[in-house]
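Hi there,

Here is the structure I promised to pass on. Please have a look at it first, and then read my notes below.

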Amino acid sequence: MLPFQTMNPLPADPADREKSTLRDGIRTCAPAVPGLLAWGAVTGMVLVQSGLSVWQSITMTLIVYAGSAQLAALPLIVAGAPVWVIVLTTLLVNFRFVIFSAVIGPHFAHLHWSRRLWYGYFNADMVMAFFPQRFPAHTLGKPVGKLGYFKGLAYTTWWAWVIGSLIGILLASQIPSNWGIGFAGTLVLLGMTIPLIVNLPTLAGVVVAGLISVAAVGIPYKLGLVAAIFGGIAAAVIADRMIRSADAAEGRL
């Protein structure tokens, strides 16, 4: 568990339990807000500086709600890349959300599909980073407090991202590039990400993805990012299987 993640005793009343876990979710996500604001501002600036109008940039921010996909798609749009390349790239960049949904979705299987669809829009990296720590897989079928905690994480992340994006969009011509706001956001998010590397498969995935992304930085259409994603996933899966095989072999001795 991360040092700033707090868990308060749940009140007896269901409504009070949801409010309590919602506050816990907000507190847990609060340290990530500066990084989200910075990244949102950078993305908003890039949207406008790439040639989109203010309203186009705002619409894209609200509909897409995925900075990595926006930043991956923009160079392709500017370069006049085929539509299938743009769509495939954004789908691959956002493929991680399928994994997020597979982990978090079963906790809300009791909700109506329309509500699950609504909450699915708000599922994001910060939610995946913290929700499974508070409610791991063995808590399936026990919905107490889960929705409140999810909302605390998800809505805090969304507001921080949207506010940051609007700042970047509206002040794109006013924020000097030498402020290094993008690098500041990177440092904050690194500080949030590093504590989440809790086992060897995760470490293997991070290292391999990082090495590939650096080595493939010059590949056109940002396809190096796609290669890094697949390479990181493959490395994590292979490392996990090797560890499981080693553990099984030791158990047979």
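This is a predicted model: local features need pLDDT of at least 70, side-chain atom pairs count only at pLDDT 80 or more; totals for chains, interfaces and linings use all residues.

Tyr65 sits in the loop between helix 3 and helix 4 (67-78). As background, most residues other than glycine have a negative phi.

**Helix 3 against helix 9**

Two packed helices are described by the angle between their axes and the distance between the axes. How do helix 3 and helix 9 pack? Helix 3 (residues 54-64) and helix 9 (residues 146-170) meet at an angle of about 165 degrees, and their axes are 10 Å apart. Because angles over 145 degrees count as roughly antiparallel, that label applies to helix 3 and helix 9. Their crossing is right-handed. On the helix 3 side, the contact is made by Val54, Ser57, Ile58, Thr61 and Leu62. Helix 9 contributes Trp158, Trp161, Val162, Ser165, Leu166, Ile169 and Leu170. Sorted by class, the contact of helix 3 with helix 9 has nine nonpolar and three polar residues, with no charged ones.

**Helix 6 against helix 8**

Helix 6 (residues 96-104) packs with helix 8 (residues 125-134) at an angle of about 30 degrees, and the axes are 10 Å apart. Angles under 35 degrees count as roughly parallel, so helix 6 and helix 8 are roughly parallel to each other. The crossing of helix 6 and helix 8 is left-handed. Which residues meet here? From helix 6 come Arg96, Phe97, Phe100, Val103 and Ile104, and from helix 8 come Asp125, Val127, Met128, Phe131 and Pro132. The contact of helix 6 with helix 8 divides into eight nonpolar, two charged and no polar residues.

**Ala41**

One more residue for your list is Ala41, which is in helix 2 (residues 33-49). Is Ala41 buried or exposed? With a relative accessible area of 3%, Ala41 is buried, since the label asks for a value under 20%. Ala41 and Ala160 are 119 residues apart in sequence, and their C-alpha atoms are 10.0 Å apart in space.

Definitions and conventions:
Residues are numbered from 1 along each chain as its sequence is written. Side-chain values use heavy atoms; hydrogens and water are left out. Helices (H or I, at least four residues) and strands (E, at least two) are DSSP runs, numbered from the N terminus. Buried means under 20% relative accessible area, exposed over 50%, partly exposed in between (1.4 Å probe, protein chains only). Axes are lines fitted to C-alpha atoms, for helices over the stretch in contact, and angles run from 0 to 180 degrees between N-to-C directions. Angles under 35 degrees count as roughly parallel, over 145 as roughly antiparallel, 65 to 115 as roughly perpendicular and the rest as oblique. A crossing is left-handed if the near helix is turned anticlockwise from the far one by less than a right angle, and right-handed if clockwise. Contact means heavy atoms within 4.5 Å. Ala, Val, Leu, Ile, Met, Phe, Trp, Tyr, Cys and Pro count as nonpolar, Asp, Glu, Lys and Arg as charged, and the others, Gly among them, as polar.
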